[in-house]
Amino acid sequence: MKNRKAILLIISTLMLASAGCGDGMTAQEREAANQQTEVNDLVGIPIEGIEESGAEGSGEQGQENAELVQQIRELERLCGTPSFSQEGYLSLAELYGQNGQVKKQRDTLEICYALYQNSNAAQELQQLTVNVMEEEPDIQGQMSLLEQNLSTQGYIDEAVKMLHGEEWMDTMMPRLTQGTRSYYYEQGEDSLYVKTGYDASGEFFTQVQYKQGDQVTVLLQTDESVQLLETSMEGEHYSGVYECWTVLAANGDVIRENGNLRDGVLVGDYTAQIRWGKGGNELLSLWNLREDMEMITYNGFFGEEGISTAVQIQEMGNVIVYAYDSGKQNYLFLSGEEGATAENYIFRAESMCMPAPQTYAAYEPKKDQAGMSASGTIDITQLQVRVFDGNIQVFDGMGWIDMGAVQDYIAADPVTSDSQMAEGGNTGTAENVGQGIKALYARRGGGQTKPVATPKPTSKPTAPTKPTAPVTPVAPVVPTVPTPAPTPDPAPPSNPSPGNPGPSNPNPGNPGPSNPDPVPTPDPVPTPQPPAPTDPPITGGDSDVEWSPDLM
């Protein structure tokens with residue numbers, strides 16, 4: 001493991017040398033090394049290009065440029081050695097900035113912050129945006145691919161997928177686990193700005209701003225959220241018709257908003273379509289299905305000053321309602337700031353959680369930025385590195401130059417230092433973007449109005465009534481009435497109906513006990529005597545017929 005660390009440090013030393021930090025020796029140390037190796041004729045030769053760069057100017061300006069380059073070269077020789085202090089890094093970064101070498105300025109400040117957690121370095125890093133033409137080919141390739149996805153209609157999903165991948169993070173933040181980087185690219189009236197890295201909570205994020213003329217596309221993406229804003233810009237503010245998609249994987253919410261902006265203030269009609277989530281979802285899957293979901297539609301209106309005209313709900317307290325659905329049963333609200341009321345609160349783009357517009361300082365890259373030699377005295381093709389007697393040594397083609405003790409480099413290495421890695425990226429060098437999105441959307445929400453004016457559609461009084469209370473059937477009551485109780489001396493009916501005998505058990509489905517109690521019956525009525533046979537029925541057959549005297 002120690003050998004591996006030593007090899008990594010050697011490689012890092014070479015990278016520092018090629019990036020601008022030279023052999024790490026003072027003039028006296030270099031002279032002593034030359035005497036030991038008997039190479040006095042090459043080491044210490046004035047840096048190539050100083051005279052030429054000075055000759056490019058004329059008079060005082062040319063002399064100032066030559067002096068500036070000379071100061072940079074002297075600090076580059078010391079950069080990266082154990083004796084190089086944080087003041088040296090800050091001074092070198094300042095000189096790079098004065099000379100228009102923004103990439104080297106950023107790289108030096110990153111090293112200073114990693115080693116010393118210097119707050120001044122962190123603040124300066126937040127202000128720097130590097131022209132991508134100065135960067136490595138891999139970074140240029142990622143920026144070019146992103147620009148293609150944003151400029152081609154129907155490829156926005158590819159851009160979202162690209163920013164969500166590990167290749168993007170590893171390429172745009174190489175070997176970095178904290179802080180942020182900003183890049184830009186310009187071609188004609190089009191420009192692409194990217195800010196990416198770790199926010200104050202250690203969450204990785206990327207904000208993209210792509211402008212085509214006055215039209216702008218903004219993407220703000222974290223591991224758990226995607227925001228896409230498409231609108232136009234006037235100056236440094238959003239202005240014009242806009243559409244904004246927001247997908248929150250943590251709770252499954254999907255929000256689509258359409259409206260109008262004037263100098264960053266919402267005016268006129270507003271429409272929101274929302275699918276309220278019920279739990280966590282995978283981000284890319286949720287994003288890809290966003291247009292195929294069932295949503296609730298809300299509508300609102302904002303006056304000329306950006307003040308909502310929606311009817312407020314007094315019972316809600318310190319919240320401002322700004323949209324209702326068509327039935328006025330569901331509404332959207334924003335938790336008001338301290339002292340804010342519905343009558344004076346101005347709805348701005350940032351109030352609705354839209355990504356803030358980004359600005360940067362454009363510049364023309366230095367021509368020698370990519371391939372400037374560290375010192376002008378070492379032939380890179382013959383460069384060799386070794387560890388000898390506990391020290392790192394570099395062979396410049398003529399002799400070995402002592403760069404310092406290996407252990408000193410290991411102790412100062414910000415990558416392998418336990419104290420640095422334990423912080424996990426919570427550097428404070430970037431605003432809390434990921435948590436900021438969650439906090440902003442926590443202020444926005446939806447609710448339902450209380451049905452005070454009208455009763456619930458299907459509700460009834462709680463007291464039991466016939467329509468609501470179940471009816472218990474009483475089996476013995478109705479079925480037992482049809483058959484009269486038998487009398488002690490039953491007489492045969494005058495005209496029985498043998499074809500329709502009554503059932504022996506009136507309620508076969510609910511048979512009574514084997515020895516039932518007598519069922520109470522009305523008092524028996526005496527059976528009337530049959531009438532005198534004055535006009536008996538005709539029975540036919542051989543029976544004699546008695547004729548009435550009146551008919552004879």
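**Entry 1. Terms and model**

I take buried to mean under 20% relative accessible area, exposed to mean over 50%, and partly exposed to mean in between. The model I am reading is a predicted one.

**Entry 2. Salt bridges around helix α6**

I searched the whole structure for salt bridges and found twelve. I then looked up the pairs that involve helix α6, which spans residues 102–116.

I began with Glu110, which forms a salt bridge with Arg181, and I noted 2.9 Å between the closest N and O atoms. Glu110 sits in helix α6 and Arg181 in strand β2 (residues 180–187), so this pair ties together parts that are 71 residues apart in sequence. Are Glu110 and Arg181 buried or exposed? I have both Glu110 and Arg181 down as buried.

Next I asked which residues are joined to this pair by salt bridges that share partners. The network consists of Lys103, Arg106, Asp107, Glu110, Glu135 and Arg181.

Asp107 forms a salt bridge with Lys103, with the closest N and O atoms 3.1 Å apart. Both Asp107 and Lys103 belong to helix α6, and they are four residues apart, about one turn of the helix. Asp107 also pairs with Arg106 in a salt bridge, where the closest N and O atoms are 3.0 Å apart.

Lys103 has a relative accessible area of 14%, so I count Lys103 as buried. Arg106 is at 4%, so Arg106 is buried as well.

I moved on to the loop between α6 and α7 (119–127), where I found Asn118. Gln117 is placed in the loop between α6 and α7 too.

I noted a phi near 50 degrees for Gln117, a positive value in a residue other than glycine. I keep in mind that most residues other than glycine have a negative phi. Gln117 has a relative accessible area of 27% and is therefore partly exposed.

What is Asn118 in contact with, leaving aside neighbours within four places in sequence? I listed Gln86, Leu90, Cys112 and Tyr113.

**Entry 3. Cys353**

I looked up another positive phi, that of Cys353, which is about 70 degrees although Cys353 is not a glycine. Cys353 is located in the loop between β13 (330–335) and β14 (384–388). With a relative accessible area of 3%, Cys353 is buried.

**Entry 4. Thr246**

I located Thr246 in strand β8, which covers residues 240–248. The relative accessible area of Thr246 is 0%, so Thr246 goes down as buried. I also looked up the distance from Thr246 to Glu257, eleven residues apart along the chain, and their C-alpha atoms are separated by 8.6 Å.

**Entry 5. Negative surface patch**

I turned to charge on the surface. Which residues gather in a patch of negative charge there? I wrote down Glu136, Asp138, Glu166, Glu167 and Asp170. Helix α10 (residues 166–172) supplies the largest share of this negative patch, three residues.

I checked one member, Glu166, which lies in helix α10.

How values were computed
Residues are numbered from 1 along each chain as its sequence is written. This is a predicted model: local features need pLDDT of at least 70, side-chain atom pairs count only at pLDDT 80 or more; totals for chains, interfaces and linings use all residues. Side-chain values use heavy atoms; hydrogens and water are left out. Patches are made of residues with over 30% relative accessible area and no salt bridge: like charges are joined within 9 Å, nonpolar side chains (Val, Leu, Ile, Met, Phe, Trp, Tyr) within 5 Å. Accessible areas come from the Shrake-Rupley method with a 1.4 Å probe; for residues, only the protein chains shown count as cover. A salt bridge is a side-chain nitrogen of Lys or Arg within 4 Å of a carboxyl oxygen of Asp or Glu. Lys and Arg count as positive and Asp and Glu as negative; His and the chain ends are not counted. The place of a charge is taken as NZ of Lys, CZ of Arg, CG of Asp or CD of Glu. Helices (H or I, at least four residues) and strands (E, at least two) are DSSP runs, numbered from the N terminus. Contact means heavy atoms within 4.5 Å. Buried means under 20% relative accessible area, exposed over 50%, partly exposed in between (1.4 Å probe, protein chains only).
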